[in-house]
Amino acid sequence: MFFLFWILVPCIHAITHCINFYGLETPQAKFVCSWENPPNYYLSILQRELSVNMIRLPFSGSYIQKGAFHAMDGMIVTASTLNMTVLLDWHRNTDSHQSASPLTDYSFDEWVQLWRVIIDRYIDNPVVTGLGLYNEFQSANGTFVFDTQFQLVETLESLYPNRFVYFTIVTGKQIGRAH
């Protein structure tokens, strides 16, 4: 059984209320609900009514490869103006379908390189506080899931020490460190 493991930073004395603002992981690469009102319209209501203070931004490997970050850039600016934080979430590899593993479509090194593209873009932006390593990583081999994600965390930590909180799924083991 898989479950989402949220790592909480001990020094934070607040509850995180996170909203998933999806769409960048789809072929349209456009936020849902944004055809009638801009995202800040909904986010300000959610912040006021439900105390939402974090935005989860799902994206795909295809989104990174296309390099058209204007929608993500805009959402991060919106988050900043609303005093929210952002979790960048590698939701799937391609914008057309979900893969069981990030390694279905990319080598480990390619996966790291794509992560580096998006991290390097936002490394100096304090609004971006978390990284969702891979949504719904699936394998009958729990050790493979654990080891792959642990290796990614270790690799990213070596490049960006103490910068992010990592969010992931695990199978019976807890991984990641809050920094």
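Is Lys66 buried or exposed? Lys66 counts as exposed, at 56% relative accessibility. Here, buried means under 20% relative accessible area, exposed over 50%, and partly exposed in between, with a 1.4 Å probe and protein chains only.

**Model and confidence**

This is a predicted model: local features need pLDDT of at least 70, side-chain atom pairs count only at pLDDT 80 or more, and totals for chains, interfaces and linings use all residues. Residues are numbered from 1 along each chain as its sequence is written, and side-chain values use heavy atoms, leaving out hydrogens and water.

The pLDDT (the predictor's confidence in each residue, from 0 to 100) averages 84 for the protein. A score of at least 70 is reached by 86% of the residues. Confidence is highest in helix H4 (residues 108-122), at a mean of 97, and lowest in strand E1 (residues 3-5), at 32. Helices (H or I, at least four residues) and strands (E, at least two) are DSSP runs, numbered from the N terminus.

Contact means heavy atoms within 4.5 Å. Residues 172-179 are also below 50, with 26 contacts beyond near neighbours in sequence.

**Salt bridges**

The structure holds four salt bridges. Each is a side-chain nitrogen of Lys or Arg within 4 Å of a carboxyl oxygen of Asp or Glu. Three of them are listed here.

| Pair | N to O distance |
|---|---|
| Glu49 and Arg48 | 3.4 Å |
| Arg56 and Asp89 | 2.8 Å |
| Asp95 and Lys66 | 2.5 Å |

Asp95 lies in the loop between E4 and H4 and Lys66 in helix H2, so their bridge ties together parts 29 residues apart in sequence. Asp95 is buried, at 14% relative accessibility. Arg56 in strand E3 and Asp89 in strand E4 are 33 residues apart and link distant parts of the chain. Both Arg56 and Asp89 are buried. Glu49 is exposed at 54%, and Arg48 is exposed at 57%.

**A buried arginine**

Arg163 sits in the loop between helix H5 (142-159) and strand E6 (165-170). Arg163 is buried yet has no salt bridge. The nearest side chain of opposite charge is Asp124, 6.6 Å away. For charge, Lys and Arg count as positive and Asp and Glu as negative; His and the chain ends are not counted. A polar atom of the Arg163 side chain lies 3.1 Å from the backbone oxygen of Ile123. Beyond four places in sequence, Arg163 touches residues including Tyr122, Asn125 and Glu157.

**The nonpolar core**

The largest nonpolar core has 43 residues. Such a core is a set of buried Ala, Val, Leu, Ile, Met, Phe, Trp, Tyr and Cys residues joined through side-chain atoms within 4.5 Å. Those with the most contacts inside it are Leu57, Phe59, Met72, Leu88, Trp115 and Ile118. H4 gives the largest share, eight residues. In soluble globular proteins, nonpolar side chains tend to be buried together.

Met72, in helix H3, is buried with a relative accessible area of 0%. Its contacts beyond four places in sequence include Leu24, Tyr63 and Leu88. The C-alpha atoms of Met72 and Phe59, 13 residues apart along the chain, are separated by 9.0 Å. Leu88 touches residues including Leu57, Trp115, Val128 and Gly130, not counting residues up to four places away in sequence.

Key
Polar contact = N/O pair within 3.5 Å; in protein donor to acceptor, adjacent residues only side chain to side chain.
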